[in-house]
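Reader: I am new to this entry and would like to learn how to read it, one feature at a time. Could you give me the general idea each time and then the case at hand?

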Amino acid sequence: MGGGGAFSVACTAQMQIFIQTLVTGIVTGCLYALIALGYSMVYGVLKLLNFAHGDLYMVGAFIGYFAIQWFGGATALIIPVPLLIIFMMVVAGLGVGALGVAIERFAYRPLRNAPRIAPLITALGISFILEDSVLLLFGGFTRNYNAPAFLPFRQSIHIDGVNIWSVQIIVVVVSVVMMFGLRELVNRTLFGKSMRAVASDREAAEMLGVNVDRTIAMTFFIGSAMAGVAGVMSGLAFGQISNIIGFLAGLKAFTAAVVGGIGSIPGAMIGGLVIGLCESFSSSYISSQYSDLIVFALLIATMLVRPQGVFGQPPLQKV
Amino acid sequence: MAPIGVDEWVARSGDRREQNSGWRGLLARLDSRVGWWPRLVLVGLFALVYGKLLVGSNINYAQTGFNVVLYAILALGLNIVVGWAGLLDLGYIAFFGAGAYIYALFSSHAFGNLPLSTGGVQLPVVATIPIAVVGVGILGLVIGLVALRLSGDYLAIVTLFVGQAFAEAVNNVAPGTLGGANGLFGLKGFHVGSAMIGSTLGYYWFAVIVLLILMAFLHLLDTSRTGRAWRALRDDPLAAEVMTIPVNKVKVMAFTFGAIVAALAGTMFAAQQSSVFSTNFSAQTLILIYACLVLGGAGSIAGAVLGGVVVTVSQQLLSSPIDSAYLFYGILVIVLVARVRPWRHLAAVVAAIVGFGFGVHAIVGAISHRAIAGSPGSSGWFAGALRHFVIVPAGSPLTYGNLLYVAMICMIIGVVQLKGIRRLVAVVPTVYVAICCWEARLTLDPGITAQIMIGAILIVTMAARPEGLLGTRRVEVL
Amino acid sequence: MAPLLELDQVSLSFGGLRALHSLDMHVDENEIVSVIGPNGAGKTTLFNVITGIYQPAGDIRFDGKSLIGRSPHRITGMGVARTFQSLRLFLNMTVKENVKAATYGGTRATPIESMLRLPRARREEREVEARAEDVLGFFGQRLQGYRFDQPAYVLSYANRRRLEIARAMATGARMLLLDEPAAGMNPPEKLALRELIRGLRERFDVTILLIEHHMDVESELCDIVTVLDNGKVIAEGKPAEISRDPKVIVAYLGSGGGAGEAAEPLLAGLE
């Protein structure tokens, strides 16, 4: 039959869309996972929903943007591209990490023994201040990394009609490296041990000689730094940044942390991927308008079926 | 918590005696003597005086008055869920929005996609308010039932998503009817037959009456079995369940009551604005309502109302340059007076700030005249007084103001970390930088400044007095 | 006469751990029964299954009606009230409100009636007020007068224990379960507690089931002592018999344990 050939062509086109969507989903998912890890770590040690975490990601994206401008702008770079990318990530990581530590020191530390609602409200306040400070300093318009100007799409890997852009590879590789680094850090090092100790019982850990303040500060530093790096990578991969990208990204990353089971590192990674894939598939196969709604519905459904998430431990209740 | 065997009440008797002397003690004694309904009359009288005296002079005052009462009502509703029942509901905004949208649907051209001129469905207020209240009450019931499976932070997360999903949904679902991002406009106001509320002042009076009734009802509810059940649930859900309180039912009831109050506020909001947009019901508005409740004191009716007044009035003040200057310098003075003790330290700090300012101004002026050629952002007599104090370069460039802003934040964080005499010394340049930053940058963008101030209010309240202005200190067993 | 409370082959496991193992037990009307047993014997779990916090296998009947499958607030409404070993007061509510809160199940006014202070709401408020003062009055001056309007968190440890008992009584209990009421008390306080428990039975005509860690002062007033170990009843009888029961001594000392000093805590107060 003559229709067979046409059918196979259509199928390939569908496959291309599928794979392209898959790649976008994985890239987005990696970014969400990086932000989610910070959320999860902070929740683990302080039992605090750090609503300002998404805004740290936004600050990271801005630091990356200004790094590009510093070196001559996207179209007229004065240093080699790999150097620029490493520089952006390091500066954003250190800068946002330091910002996270400052926030912890200034706003959360005095509230360690306050009622549970106090740090939560403070986190909302910090989120407000970060968003509006960036608005005050840099204005509310959308900026563009314009990454294709120095990392052209031409340098993509082409497989059978599917394009994988070098930036996408960078995002996935850096994310995976950071996640495994974090896992090793938590499982192998003394810091990881004290972090887990603080997470399970802060007072007991303190009595046994764990430096709780330093451990919490370190946790904030690592979590925030990862959000900062994620901000840079999202700028590279998606281009547009503004002062309000933090809230929604934070919310979605948070969904990822919750879906995976808050407090669990592999959970956050898998949760991030699930949310990223869910978002990219629903926007390319159902409707881009509804993709946020679908993600929200997924979260609510997960929470109702399994409140502690897929990998989380149910909380113990002592009667 | 008291160590075993020690009764805190007895242990603190000395503190109490000390507290009962002086003007604070007088206030406390007055507070314990006056019953709840004279206080309500007081609130009513205040609203009446405000309405009669000030409103005639400026249309903005009527709008401010209405906003104050609206936010007070919203905070009261949130207080039921968060303050009494202790359920952290971050989706409260959805109930407010749903109330507004339901009102909009039944008093506009929205149904059936009619052109604006036809008027569409325009039910009288005696129908729209009950429809909105019942509709949103059912929504609250459903969300409350869903929330039964969750507790603590998980509840906060899911409700936050419900709130976000609401804004997303009205933006994207059925754009023909709900108007999408363009919202619904040209709504008919509150009307019965030919009688109609036509002015902001009218809505102000309507809202005041609703507020007073609501305060009375909520007080009576708080002191009834339902109120006790909510507060028991907040303190210890398991003990509440074992003490004959059907915890699930009581939780759902809290959600429903909160939703109903929010819906009432929503109808008034939509009618007064005569339009609704999904952006009216964003996370920003939610945080503003939380700011009202937290600042005033969660768990206290008077606190919720006071919080509504303080937050809304400060927002309003911040939008006008001269008023915002009063607010800024007022807060500065209050903070210095409250935090710097004893008096001679305060005097020294103030003198140092003044001397420091004029000194720096003179030095910078001697180096470059252009660097001090700009004029302060405040208007009125402040500007004249500050001209030789603050450093504002010619044309007051944004970069300069931005640098000052960053410096100010860093210095505030630094001051908080320092102790004793070092802190006193560090306060001097910090206050000076803050004043310069205010004059050179913050007054230029009043909208953004207002948001930053709300954030700062939340943080400072939580650090200094987590129970809020009128709340009572609570203990929590973790 | 049928027993007031009857446990019939009650079992409960957490994962692989058997907390209660085919437990049979009964408490007659107006008795004071003490449950003792070493740590982890299942004493508090027993209270949790009776009050509906955990759902066990088997049957529990109170006054002839099964309690299985009922939620805790209903069980308490039927007349089985309890206190907690780790005090669970409503710390931020006043002393009086703590007691009033426990009358929720005994009142019917809807929120609307309360908001409008309709006749039923007003009548119930008066009754609740009287009930609270009556129950608190039982404890003498300790929880009276100026104490009424103090938040519960200012109370001393012993007064918190008293308030918990008052709160449980305010539910209209016919049977009171006391979870280690003597924990953290010194000898004179324990003596006072013994009088208090005896007084409770006389004044409110209530049946009492209480948990103790080992036999102590208050065991003297018990009609029956039940010894629990590994989720099973290993002995049951009058206090004097129990303290001589070899199985009980083994349960406390372990099978290979020596005698002498370690047996003392079990027998303390009975010499």
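This is a predicted model: local features need pLDDT of at least 70, side-chain atom pairs count only at pLDDT 80 or more; totals for chains, interfaces and linings use all residues.

Reader: Where is H361(B) placed in its chain, and which residues does H361(B) touch?

Author: Helices (H or I, at least four residues) and strands (E, at least two) are DSSP runs, numbered from the N terminus. On that reading H361(B) sits in helix α17 of chain B, which covers residues 343–367. Contact means heavy atoms within 4.5 Å, and, leaving aside residues up to four places away in sequence, H361(B) touches I372(B), R387(B), H388(B), F389(B), V390(B), I391(B) and Y432(B).

Reader: How should I read chain B as a whole, and how many helices and strands does chain B have?

Author: Chain B has 21 helices and 6 strands. To judge its overall form, one takes the radius of gyration over C-alpha atoms and sets it beside the globule rule, 2.2 Å times the number of residues to the power 0.38. For the 478 residues of chain B the rule gives 23 Å, and the chain has 25 Å, which is close, so chain B is as compact as a globular protein of that length. Its C-alpha trace spans about 70 × 70 × 45 Å along the principal axes, and 53% of its residues are buried. Of the contacts in chain B between residues at least 6 apart in sequence, 74% join residues at least 24 apart.

Reader: How is the size of an interface expressed, and what area is buried between chain B and chain A?

Author: The size of an interface is often given as the accessible area lost when the parts come together. Buried area here is the accessible area (1.4 Å probe) that two parts lose on being put together, summed over both. Between chain B and chain A it is about 4,600 Å², with carbon and sulfur atoms giving 78%. On the side of chain B, Y154(B), F161(B) and I459(B) supply 15% of the area buried against chain A, more than any other three residues. Counted by contact, 48 residues of chain B meet 45 residues of chain A.

Reader: And how many residues are in contact between chain B and chain C?

Author: There, 39 residues of chain B are in contact with 45 residues of chain C. The area buried between these two chains is about 3,900 Å², of which carbon and sulfur atoms give 62%. In chain B, R225(B), R228(B) and M243(B) lose the most area to chain C, together 21% of what that side buries.

Reader: Turning to chain A, how many helices and strands does chain A have, and where does S40(A) lie?

Author: Chain A has 11 helices and 4 strands, and its radius of gyration of 21 Å agrees with the value near 20 Å that a compact globule of 319 residues would have. S40(A) lies in helix α1, residues 3–46, and is buried, with a relative accessible area of 3%. Beyond residues up to four places away in sequence, S40(A) touches A257(A), G261(A), I262(A), G263(A), S264(A) and A268(A).

Reader: Finally, what should I look for in chain C, and where is S243(C) placed?

Author: Chain C holds 10 helices and 10 strands. With 271 residues the globule rule gives 18 Å, and the radius of gyration of chain C is close to that at 20 Å, so chain C is as compact as a globular protein of that length. S243(C) is placed in the loop between α8 (239–242) and α9 (246–253) of chain C, and S243(C) is buried, at a relative accessible area of 13%. From S243(C) to I75(C), 168 residues apart along the chain, the C-alpha atoms are separated by 33 Å.

How values were computed:
Residues are numbered from 1 along each chain as its sequence is written. Chains are lettered from A and ligands numbered from 1 in the order in which they are written. Side-chain values use heavy atoms; hydrogens and water are left out. Buried means under 20% relative accessible area, exposed over 50%, partly exposed in between (1.4 Å probe, protein chains only).
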